[in-house]
Amino acid sequence: MAKIKLTKGELKRQRDALKQYERYLPTLQLKKQQLQMEILHQLGVLDEKKRTVEAKIKTAEPWAGLLTDRTDIKPFVIPKNIIKNPRNVAGVDLAIFKSAEFPEEGYDLFTTPMWVDGAIYYLRIINALREEIRIIEDGIRVLRNELLITTQRVNLFEKVKI
């Protein structure tokens with residue numbers, strides 16, 4: 001540890017630093033709490049979305065065997081664009097899923113089976129939910145990283161500086 005000079009100027013600098021640390025500490029603690037609450041909220045949303053995907057997959061199971069047919073619907077169910085909205089949580093920028101854009105159907109209605117429309121509809125919903133889950137997981141990862149940094153700063157101010 002650096003040796004502190006025993007002068008009035010150094011005493012004033014140390015007191016000013018202490019006031020500054022005591023002023024920043026409650027702000028950091030509040031940020032830490034907000035991050036923890038947002039992580040818990042996002043984990044709940046993530047769990048709900050995963051249950052929704054499982055339910056949609058179970059709904060699609062009766063006709064899923066038809067997907068082995070020669071009809072190629074893959075280009076119609078892969079999102080071409082994911083639209084996200086920015087959101088700021090305790091100074092951390094997060095992306096929030098808004099919607100997924102899919103290419104327009106361009107297949108011949110007379111030569112394709114009737115089940116293709118329903119399959120495309122359900123698979124688009126499932127793929128959009130999976131993209132939303134991926135975005136939520138990325139947000140949780142960012143929040144946890146920021147929480148780690150904030151916790152380190154809180155500990156620094158509490159245990160070292162003050």
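I started with leucine 143, which counts as buried because its relative accessibility is 0% (buried is under 20% relative accessible area, exposed over 50%, partly exposed in between, with a 1.4 Å probe and protein chains only). I'm working on a predicted model, where local features need pLDDT of at least 70 and side-chain atom pairs count only at pLDDT 80 or more, while totals for chains, interfaces and linings use all residues. Numbering runs from 1 along each chain as its sequence is written, and side-chain values use heavy atoms, with hydrogens and water left out.

Next I checked where leucine 143 sits: helix α3. (Helices are DSSP runs of H or I with at least four residues, strands are E runs of at least two, numbered from the N terminus.)

Which residues does leucine 143 touch? I found Leu35, Glu38, Ile39, Gln42, Val92 and Leu94, leaving aside residues up to four places away in sequence; contact means heavy atoms within 4.5 Å. Leucine 35 is 108 residues from leucine 143 in sequence, yet their C-alphas are 6.5 Å apart.

Then I zoomed out. I counted three helices and two strands, in the order α-α-β-β-α from the N terminus. Of the 162 residues, 29% are buried.
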